[in-house]
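User: Please take a close look at the charged side chains in this model and how they pair.

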Amino acid sequence: MARTIESLSLPGPVGLLEALLEEPEDRDPIAAAIVCHPHPLFGGTMHNKVVYRIARGLRKSGAVVLRFNYRGVNLSEGSFDHGRGELEDARAAFQWLRTQYPNLPVSLAGFSFGSRIVLQLGCIAPDVKRVVAVGFPTTYADRNFLLGCTVPK
């Protein structure tokens with residue numbers, strides 16, 4: 001079976017979000033995952049090489065993987081919102097993925113700024129199986145959202 005990659009425009013809070021959906025090439029998906037990219041003001045996109053490698057690893061483990069660009073990045077509508085809006089973008093992507101694959105467990109993964117976004121989302125979203133935070137930026141002063149967060153990290 002050939003690898004399926006689909007370009008999408010997902011409904012986001014302030015407009016359409018550019019996205020890529022990839023399914024495993026050798027089997028039906030056994031899980032679903034979202035991968036979030038680094039800081040958009042410093043060149044972060046869903047095509048970042050670390051984001052691509054995380055997505056590839058998840059896909060090879062059997063997950064259908066959704067990568068998307070935050071508002072204001074490439075074809076995604078809107079403009080940067082200092083993490084608040086980007087968290088809402090990730091929530092919209094999560095909800096879309098849950099609707100498309102309602103019976104699959106969902107994991108969240110992110111790199112750098114994206115790891116902060118997925119940790120925030122994973123601590124408040126229902127039914128998140130785990131969060132993978134690669135290169136979590138410790139320079140942000142506010143990490144209190146992690147206190148009491150029970151999702152596996």
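Analyst: Asp81 is partly exposed, with a relative accessible area of 24%. In this predicted model, Asp81 forms a salt bridge with Arg84, and the closest N and O atoms are 3.5 Å apart. Arg84 counts as exposed, at 52% relative accessibility.

Helix H2 holds another pair: Glu88 and Arg91 both lie there, three residues apart, about one turn of the helix. Their side chains meet in a salt bridge at 3.2 Å, N to O. Glu88 is partly exposed, with a relative accessible area of 32%, and Arg91 is also partly exposed, at 26%.

Arg27 and Asp26 are joined through their side chains by a salt bridge of 3.5 Å, N to O. Asp26 is exposed, with a relative accessible area of 57%, while Arg27 is partly exposed at 33%.

Salt bridges also link Glu22, Glu25, Arg59 and Arg67 in a network. The count of salt bridges comes to seven.

The side chain of Glu18 instead makes a polar contact with the side chain of Asn69 (2.8 Å). Leaving aside neighbours within four places in sequence, the residues in contact with Glu18 include Leu8, Met46, Phe68, Val73 and Leu75. Asn74 and Ser76 are also among them, as is Arg67.

Technical notes: Residues are numbered from 1 along each chain as its sequence is written. This is a predicted model: local features need pLDDT of at least 70, side-chain atom pairs count only at pLDDT 80 or more; totals for chains, interfaces and linings use all residues. Side-chain values use heavy atoms; hydrogens and water are left out. A polar contact is a pair of N or O atoms within 3.5 Å; within protein, one must be able to donate a hydrogen and the other to accept it, and residues adjacent in sequence count only if both atoms are side-chain atoms. Contact means heavy atoms within 4.5 Å. A salt bridge is a side-chain nitrogen of Lys or Arg within 4 Å of a carboxyl oxygen of Asp or Glu. Buried means under 20% relative accessible area, exposed over 50%, partly exposed in between (1.4 Å probe, protein chains only). Helices (H or I, at least four residues) and strands (E, at least two) are DSSP runs, numbered from the N terminus.
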